[in-house]
Amino acid sequence: MKSVLSRFACSVMTHPKGLRLQLILPRINCCNFYRIFEQPSLEPGDNFWFFFSGHGIAHANQDYIMPCDSNPQDVENTAISVFYLTERLRGCGAGNIILIFDACRDQNKTFGEKFGRQTQQLVHQNGFISIFSCSSDEYSYEIDALQQGVFTYALQEGSGNQGQCATLERLNQYLRFRVPQLVHQYKHPQQTPHIVVEAKAKSHLILLPKHATLDDISQLKISAFQAEADKNLELAEQLWMQTNAMASTPDVDVIAAMQRIASLRAEFLYSQTNIVIPTSSLEKNGRSSLPLQTLEVTSRVSSSNLV
């Protein structure tokens, strides 16, 4: 991740091949940029990183980030709500969306609320990943000697060649060690990064493939198997797809897993119609080998029942 400027909103988009986009924008341009994602433009194997360094405000029970041209006295009209942000990014098409906030989380003196509470709820609801530079009631410090925030400095180390943190779990461990070490070195009060993730298995997602080890890939497979066992087919499919993306040759475990997931989804779908399906009908491609009249019945099943 490239160096970023504090007090500005920045978005960084990464692709498995290493492409990235960095923006420094005022509010109006940010809002126009996010409209791009009203239609899917990325792939399930992509990671979208949103990074914000600056002020965060909680106002009327909603979290807002403050771009360079925002006004603390007119939050609703000049800041960007995290709800708006998550609604826009949901449609980008990326398999993983990581929100990173380098902002203080102490109680707002004007509004008496703390930035981050609503954001954590939205992260859980949407299946995102969120990384806060500090925990609740803490400040996020900037160090003149580092020419940036302590958290941003440690994040650059952890995601670069020094830390080589390929997974969220390893990045979390690095940040929770390095940030307190730096604030102690520069004689500032406690600052502890806080990561919010909707499912524990996502801790093993490979966010930076160039640093991935064989052990990371093995752990990813274990998490995928566990998600299958827990009947969390959406997560299992996501983990297996990433495992496949990391493989240099076709992975037989991935192929078998995708067949199992297709069969499980088909079984669930047809169970809603009370139709008994021969096992042989689900062997290869799930529903593809079923009789035409059976397919016609299932087409009337509401998509809301899909796992």
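1. Axes here are lines fitted to C-alpha atoms, for helices over the stretch in contact, and angles run from 0 to 180 degrees between N-to-C directions. Two packed helices are described by the angle between their axes and the distance between the axes. Helices (H or I, at least four residues) and strands (E, at least two) are DSSP runs, numbered from the N terminus.

2. A word on the basis of this note. This is a predicted model, in which local features need pLDDT of at least 70, side-chain atom pairs count only at pLDDT 80 or more, and totals for chains, interfaces and linings use all residues. Residues are numbered from 1 along each chain as its sequence is written, and side-chain values use heavy atoms, with hydrogens and water left out.

3. Overall picture. The protein has 10 helices and 11 strands. Of its 307 residues, 49% count as buried. Buried means under 20% relative accessible area, exposed means over 50%, and partly exposed lies in between (1.4 Å probe, protein chains only). Take the contacts between residues at least 6 apart in sequence: 65% of them join residues at least 24 apart. Contact means heavy atoms within 4.5 Å.

4. Helices H3 and H4. H3 covers residues 82–89 and H4 covers residues 117–126. Their axes come within 10 Å and cross at roughly 20°. H3 and H4 are therefore roughly parallel to each other. The cut-offs are these: angles under 35 degrees count as roughly parallel, over 145 as roughly antiparallel, 65 to 115 as roughly perpendicular, and the rest as oblique. H3 passes H4 in a right-handed crossing. A crossing is right-handed if the near helix is turned clockwise from the far one by less than a right angle, and left-handed if anticlockwise.

5. Which residues join H3 to H4? From H3 come Val82, Phe83 and Thr86. From H4 come Gln118, Thr119, Leu122 and Asn126. By class, this contact has three nonpolar, four polar and no charged residues. Ala, Val, Leu, Ile, Met, Phe, Trp, Tyr, Cys and Pro count as nonpolar; Asp, Glu, Lys and Arg count as charged; the others, Gly among them, count as polar.

6. Helices H7 and H9. H7 spans residues 214–229 and H9 spans residues 252–271. The axes come within 12 Å and cross at roughly 15°. That makes H7 roughly parallel to H9. The crossing of H7 past H9 is left-handed. H7 contributes Lys221, Phe225 and Glu228 to the contact, and H9 contributes Asp253, Ala257, Arg260 and Ile261. These residues divide into three nonpolar, no polar and four charged.

7. Helices H8 and H9. H8 and H9 pack at an angle of about 160°, with their axes 10 Å apart. That makes H8 roughly antiparallel to H9. Their crossing is left-handed. On the H8 side, the contact is made by Leu233, Glu234, Ala236, Glu237, Trp240, Met241, Thr243 and Asn244. On the H9 side, Asp253, Val254, Ala257, Met258, Arg260, Ile261, Leu264 and Arg265 take part. The contact of H8 with H9 divides into nine nonpolar, two polar and five charged residues.

8. Lysine 221: buried or exposed? Lysine 221 sits in helix H7. At 18% relative accessibility, lysine 221 counts as buried. Leaving aside its neighbours within four places in sequence, lysine 221 is in contact with Trp240, Thr243, Asp251 and Asp253. The C-alpha atoms of lysine 221 and alanine 236 are separated by 9.4 Å, and these residues are 15 apart along the chain.

9. Asparagine 47 belongs to strand S3 (residues 47–53). Asparagine 47 is buried, with a relative accessible area of 5%. Its side chain makes a polar contact with the side chain of asparagine 96 (2.9 Å). A polar atom of the asparagine 47 side chain also lies 3.1 Å from the backbone oxygen of leucine 207. A polar contact is a pair of N or O atoms within 3.5 Å; within protein, one must be able to donate a hydrogen and the other to accept it, and residues adjacent in sequence count only if both atoms are side-chain atoms.

10. Two loop residues to check. Glutamine 147 lies in the loop between strand S9 (142–143) and strand S10 (148–149). Its phi is near 60°, a positive value in a residue other than glycine. At 72% relative accessibility, glutamine 147 counts as exposed. Lysine 231 is in the loop between H7 and helix H8 (233–246). Phi of lysine 231 is near 65°, a positive value in a residue other than glycine. Lysine 231 is exposed, with a relative accessible area of 56%.
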